[in-house]
Amino acid sequence: LSSSLKDAVKKLAGKTVVDRAAVDELVRSLQRALLQADVNVKLVMQLSQSIKQRALEEEPPRGMSVREHVLRIVYQELVGLMGGAGKVDLAPQTILMAGLQGSGKTTTTGKLARYFKRKGLKVGVICADTFRPGAYQQLATLCAKVDVPIVGSPDEHDALKIVREGMKHFEETEVIIIDTQGRHALEDELIEEIVNINEIARPDHRWLVIDAALGQQARDQARRFNDAIGIDGVLLTKMDGTAKGGGALSAVSETKSGIVFIGAGETTDDLERFDADGFISRLLGMGDLKALVERAEEVISEDEMDVNAILRGKFTLRDMYKQLEAVNKMGPLKQVMSMLPMGGMQIPDDAYDVTSTKMDRYKVIMDSMTPAELDDPQIISGPRVQRISQGSGVPPEDVRELLKYYRIMQRALKGMRGSKFSMQRMMKRFGKMQ
Ligand code: GDP
Ligand code: MG
């Protein structure tokens, strides 16, 4: 699945214009990935439309390859779909928890209590679930664990009464979290009760708890609760399982809110702030798209190679080292290379596979070379290899390996000098567009 997406990304490599067929293919595999992650069909179609339109209409920014241009649009559109992270204030507030039974409301209430308490706020919890037997006990146990007071009773059946008492009891408390009942399905009584609780408590936030495995029903649930009380944030639970949580995006779009927190486990500290990049990576089953786009940009802007000299035919060991450094900055090379094949450069697959340990060794070797040798490694004969080897305390094979590596790179660059297109491409890749 993710490999078809990667393949589609690869096909954009080395293109000098954005072509419709390649974009279509990319969008198709993106669609497959999103649908499998439970993202709503309508949302997927909207997303596809805007990606296609933007990719074909917008000019790639100067110095940015076609592939990076398209990837960046895909990324931006996906972030748009996330609706941004829901707002969390570290201030006095009342939070009303909404959602069906089993979604994770009570567990998340305990997690949130711990979260705000650790931020130094005074927290109180109200158990307004008088429907499910054992609901109070469950929440009381969680509250005891995080040392937060709770208002509620296993014997009281009037949820509204408990909320009234709780709000009074916690007048001096900074953060009040109200856990509610969920029932098994959307029923009128359930909605009526939460509407009433909402009126009594007048909460600052009404957060909807959605199970990551929920899929397409997320939309209906979100609509019902949103119509009833106005949802302003989504709490996505059970992200430690196999589900990718795409259903939450329907809830986000339906409520025009954002994901606030992610629950990824059953204990009270399994709570994370929502991070769009991580979420997108998970949805698509591929590496961190944003980091990749950013790293590519960074490399372009930081590379200090003298492009003109290289184009004139001068490629020194120092240039090679700089380039290796730049590529190394992009992180795990294998991963980066599989996503961002060096557009059009005829470099063998393993050419960039130089670990940082190796880089360090190359540096030591180069320190034992004379300036003349660094500028023109051709002059490094057998005796010179011996001298460099002794000077740097590195076996002669390593010196020869460095030289071999240099020759591979040099050949690759020579090959590129041939055509106008590849020259432009290389200049882009190496930055420094005058
Ligand atoms: P509620 O009915 O909405 O209050 O849901 P609960 O909080 O009682 O949770 C229902 C079940 O889901 C319980 O067994 C929880 O332990 C479990 N659960 C809740 N959140 C998570 C989560 O983030 N990860 C995992 N693995 N289980 C969770
Ligand atoms: Mg509950």
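This is a predicted model: local features need pLDDT of at least 70, side-chain atom pairs count only at pLDDT 80 or more; totals for chains, interfaces and linings use all residues.
Arg 282 is found in helix 11 (residues 276-284). Helices here are DSSP runs of H or I with at least four residues, strands are DSSP runs of E with at least two, and both are numbered from the N terminus.

Residues are numbered from 1 along each chain as its sequence is written, chains are lettered from A and ligands numbered from 1 in the order in which they are written, and side-chain values use heavy atoms, with hydrogens and water left out.

**Stop 1**

Eight of them form an open sheet with mixed pairing, in the order 3-2-4-1-5-6-7-8. Strand 3 and strand 8 (271-273) are the edge strands, each pairing on one side only. Two strands pair if DSSP finds at least two bridges between them.

Select strand 4 (residues 175-180). Is it enclosed or open to the outside? Six of its six residues are buried, so strand 4 is largely enclosed by the rest of the structure. Val 175, Ile 177 and Asp 179 point one way from the strand, while Ile 176, Ile 178 and Thr 180 point the other way. In a regular strand the side chains alternate between the two faces of the sheet.

Strand 2 (residues 123-128) pairs with strand 4 in the parallel sense over six bridges, and the bridge partner of Ile 126 in strand 4 is Ile 178. Strand 1 (residues 93-98) also runs parallel to strand 4, joined by four bridges. There, Thr 94 has Ile 176 as its bridge partner.

Move on to strand 5 (residues 205-211). Strand 1 and strand 5 pair in the parallel sense over four bridges, with Leu 96 opposite Arg 206. Five bridges join strand 5 to strand 6 (residues 233-237), and these two run parallel. Across this pairing, Leu 208 stands opposite Val 234 and Trp 207 stands opposite Gly 233.

Seven of the seven residues of strand 5 are buried, so this strand is largely enclosed by the rest of the structure. His 205, Trp 207, Val 209 and Asp 211 point one way, and Arg 206, Leu 208 and Ile 210 the other.

**Stop 1: ligand 1**

Of the 17 residues around the ligand, Gly 102, Lys 105, Thr 107, Asp 240 and Glu 266 come nearest. By class, this shell has two nonpolar, nine polar and six charged residues. Ala, Val, Leu, Ile, Met, Phe, Trp, Tyr, Cys and Pro count as nonpolar, Asp, Glu, Lys and Arg as charged, and the others, Gly among them, as polar.

Display some distances to oxygen atoms of the ligand. An N or O atom in the side chain of Thr 107 is 2.5 Å from one. A backbone N or O atom of Gly 104 lies 2.9 Å from an oxygen atom of ligand 1, and a backbone N or O atom of Lys 238 lies 3.0 Å from one. The protein covers 81% of the 570 Å² of accessible area that ligand 1 has on its own, an area computed by the Shrake-Rupley method with a 1.4 Å probe.

**Stop 2: helix 5**

Which helix gives the most to the shell around ligand 1? Helix 5 (residues 105-118) does, with four residues. Ten of its 14 residues are buried, among them Lys 105, Thr 106, Leu 112 and Phe 116. Gly 120, which follows the helix, has a positive phi near 90°.

**Stop 3: two loops**

Select Asp 38, in the loop between helix 2 (20-36) and helix 3 (41-57). Asp 38 is not a glycine, yet its phi is positive, near 75°. At 25% relative accessibility, Asp 38 counts as partly exposed.

End at Asp 147, in the loop between helix 6 (135-146) and strand 3 (150-151). Asp 147 also has a positive phi, of about 60°, although it is not a glycine. At 56% relative accessibility, Asp 147 counts as exposed.

Technical notes. A residue is near a molecule or strand if one of its heavy atoms lies within 4 Å of it. A polar contact is a pair of N or O atoms within 3.5 Å; within protein, one must be able to donate a hydrogen and the other to accept it, and residues adjacent in sequence count only if both atoms are side-chain atoms. Buried means under 20% relative accessible area, exposed over 50%, partly exposed in between (1.4 Å probe, protein chains only).
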